[in-house]
Amino acid sequence: RLKQELETHTGIIIDGFEDKHRSFSKARCFQATIGGSINGVAILIDRTHYDDSVIELLAPIKIRDMLNAKDGDMVTVSVFVSD
């Protein structure tokens with residue numbers, strides 16, 4: 001449900017690009033708090049391998065290590081939109 005809601009907002013746009021080996025899709029980022037204490041972003045990538053049940057998260061630290069999390073674990077994510 002969160003991913004579908006974020007689709008209606010602009011977020012911070014990152015243009016797609018290509019290097020010599022592959023292309024990278026355009027994406028949108030939204031400021032987020034992960035696990036109640038980790039500052040990071042939720043990212044919606046235009047071309048991804050995941051379905052709508054998965055939201056991708058980025059942070060300057062290893063989220064899995066800080067939360068002792070593994071694939072399939074539930075994590076609380078608060079996402080902030082400005083538009």
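This briefing covers strand pairing and pockets in the structure above. The model is predicted. Strand β5 pairs antiparallel with β4 through 8 bridges and with β6 through 3 bridges, also in the antiparallel sense. The volume of the largest pocket is about 840 Å³, and that of the second largest pocket is about 270 Å³.

**Strand pairing**

- Strand β4 spans residues 27-34 and strand β5 spans residues 38-45.
- These two strands form a hairpin, with 3 residues between them.
- Within the turn of this hairpin, Gly35 has a positive phi of about 65°.
- Strand β6, residues 56-58, is the antiparallel partner of β5 over 3 bridges.
- Ala42 has Leu57 in β6 as its bridge partner.

**Largest pocket**

- This pocket, with a volume of about 840 Å³, is lined by 22 residues, and the closest to its centre are Val54, Ile55, Leu57, Asp73 and Val75.
- Two or more lining residues come from each of α1 (2-6), β6 and α2 (63-67).
- The lining comprises 12 nonpolar, 2 polar and 8 charged residues.

**Second largest pocket**

- The second largest pocket has 13 lining residues, and those nearest its centre are Arg22, Phe24, Ser25, Ile45 and Arg47.
- By class, its lining divides into 6 nonpolar, 4 polar and 3 charged residues.

How values were computed
Residues are numbered from 1 along each chain as its sequence is written. This is a predicted model: local features need pLDDT of at least 70, side-chain atom pairs count only at pLDDT 80 or more; totals for chains, interfaces and linings use all residues. Side-chain values use heavy atoms; hydrogens and water are left out. Two strands pair if DSSP finds at least two bridges between them. Helices (H or I, at least four residues) and strands (E, at least two) are DSSP runs, numbered from the N terminus. On a 1 Å grid over the protein atoms alone, a cavity is a set of points where a 1.4 Å probe fits but cannot get out, and a pocket is an open set with protein on both sides within 12 Å along at least five of seven lines; lining residues have an atom within 4 Å of a point. Grid points are joined across faces, edges and corners, and a volume is the space filled by probe spheres set on the points. Ala, Val, Leu, Ile, Met, Phe, Trp, Tyr, Cys and Pro count as nonpolar, Asp, Glu, Lys and Arg as charged, and the others, Gly among them, as polar.
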